[in-house]
Amino acid sequence: MERNELYPIFLKVSQLNVLIVGGGNVALEKLTFLLKSSPSAQVKMVSKMFREDTIALAKEFDVEMIEAAYDHSYLEGKHIVVATTDNVSVNELVYHDCRKRSILVNVADNPPFCDFYMGGIVTKGNVKVAISTNGKSPTTAKRLRQFFEDVIPDNIDDLVKNLNEFRKTIKGDFEEKVETLNEFTKGLVNKK
């Protein structure tokens, strides 16, 4: 059985500089996905053209848009780059330019040219669940996202906040606190 060896992390993109190269449908999809999850993300876009929907969304979230062809100089100070153009050679150039500079890069719909994938995400208050299919099936990730949106209760954030307050009252070292919280919350998981 093949195994997903990706390491999941949650990035504070409000503190990182993100560049999206492209302005078409895929760029809009990636921008929408990013801003839905992280409305205060620091994003810049560069493209020879932008769709009207992309322009409207970018204005709403204060995304800087540069109407120009891609050039490696746009990578200056960037931490994450997403290449979405319909030109394979431009996307691959973006990838290679990023690799030379140790910048994380995702070339849309081209897994060999990705340091990371943008999977399905479910957010309910402070709870966020990310879903990955190792870049193999975005449709499966979408269906799993829909499933988790249905099964995670809307009031899960109340539980998180209450457990956070309870955690502050627990005495002992780290291991004792973890053991106490594990004991306290084991009833939340319905074992069969």
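Biologist: Let's start with Lys-124. Is Lys-124 buried or exposed?

Modeller: Lys-124 counts as buried, because its relative accessibility is 13%. Keep in mind that this is a predicted model.

Biologist: Which residue forms a salt bridge with Lys-124?

Modeller: Asp-154 does, with the closest N and O atoms 2.9 Å apart. This pair links distant parts of the chain. Lys-124 sits in strand 6, Asp-154 in the loop between helix 4 and helix 5, and 30 residues separate them.

Biologist: And Asp-154, buried or exposed?

Modeller: Asp-154 is exposed, at 70% relative accessible area.

Biologist: How does strand 6 run relative to strand 7, parallel or antiparallel?

Modeller: Antiparallel, with 5 bridges joining strand 6 to strand 7, residues 127-131. Thr-123, for instance, has Lys-128 of strand 7 as its bridge partner.

Biologist: What's in the turn?

Modeller: The two strands form a hairpin with 2 residues between them. Gly-125 is in that turn and has a positive phi of about 65°.

Biologist: Back to salt bridges. How many does the structure hold?

Modeller: It holds 9 salt bridges. One of them joins the side chains of Glu-2 and Lys-136, at 3.4 Å from N to O. Glu-2 is in the segment before strand 1 and Lys-136 is in the loop between strand 7 and helix 4, so the pair ties together parts 134 residues apart in sequence. Both Glu-2 and Lys-136 are exposed.

Biologist: What about Glu-149 and Arg-145?

Modeller: Their side chains meet in a salt bridge too, at 3.1 Å from N to O. Glu-149 and Arg-145 are about one helical turn apart, because they are 4 residues apart in helix 4. Arg-145 counts as buried at 18% relative accessibility, while Glu-149 is partly exposed at 29%.

Biologist: New topic, aromatics. How many aromatic pairs are there?

Modeller: The count is 3 aromatic pairs. Among them, Phe-147 and Phe-148 are edge-to-face, 5.3 Å centre to centre with 70° between the planes. Phe-147 is partly exposed at 46%, and Phe-148 is partly exposed at 29%.

Biologist: And why is the pair of Phe-166 and Phe-184 called stacked?

Modeller: Their planes are at 25°, so the pair is stacked, and the ring centres lie 4.5 Å apart. The cut-off for stacked is under 30 degrees. Phe-166 is in helix 5, residues 156-169, and Phe-184 is in helix 6, residues 174-185. Phe-184 is exposed at 53%, whereas Phe-166 is partly exposed at 27%.

Biologist: How many disulfides?

Modeller: The structure holds 0 disulfides. Cys-98 is in none, and its nearest cysteine sulfur, that of Cys-114, is 11 Å away. The cut-off is 2.5 Å between sulfur atoms.

Biologist: Are Cys-98 and Cys-114 buried or exposed?

Modeller: Cys-98 is buried at 0% relative accessible area. Cys-114 also counts as buried, at 16%.

Biologist: Last one. Which residues make the nonpolar surface patch?

Modeller: Tyr-7, Ile-9 and Leu-11 make it, and it covers about 360 Å². Tyr-7 lies in the segment before strand 1. Tyr-7 counts as exposed because its relative accessibility is 70%.

Terms used:
Residues are numbered from 1 along each chain as its sequence is written. This is a predicted model: local features need pLDDT of at least 70, side-chain atom pairs count only at pLDDT 80 or more; totals for chains, interfaces and linings use all residues. Side-chain values use heavy atoms; hydrogens and water are left out. Patches are made of residues with over 30% relative accessible area and no salt bridge: like charges are joined within 9 Å, nonpolar side chains (Val, Leu, Ile, Met, Phe, Trp, Tyr) within 5 Å. Accessible areas come from the Shrake-Rupley method with a 1.4 Å probe; for residues, only the protein chains shown count as cover. A salt bridge is a side-chain nitrogen of Lys or Arg within 4 Å of a carboxyl oxygen of Asp or Glu. Buried means under 20% relative accessible area, exposed over 50%, partly exposed in between (1.4 Å probe, protein chains only). Two strands pair if DSSP finds at least two bridges between them. Rings of Phe, Tyr and Trp (its six-membered ring) pair if their centres lie within 6.5 Å; planes under 30 degrees apart count as stacked, over 60 as edge-to-face and the rest as tilted.
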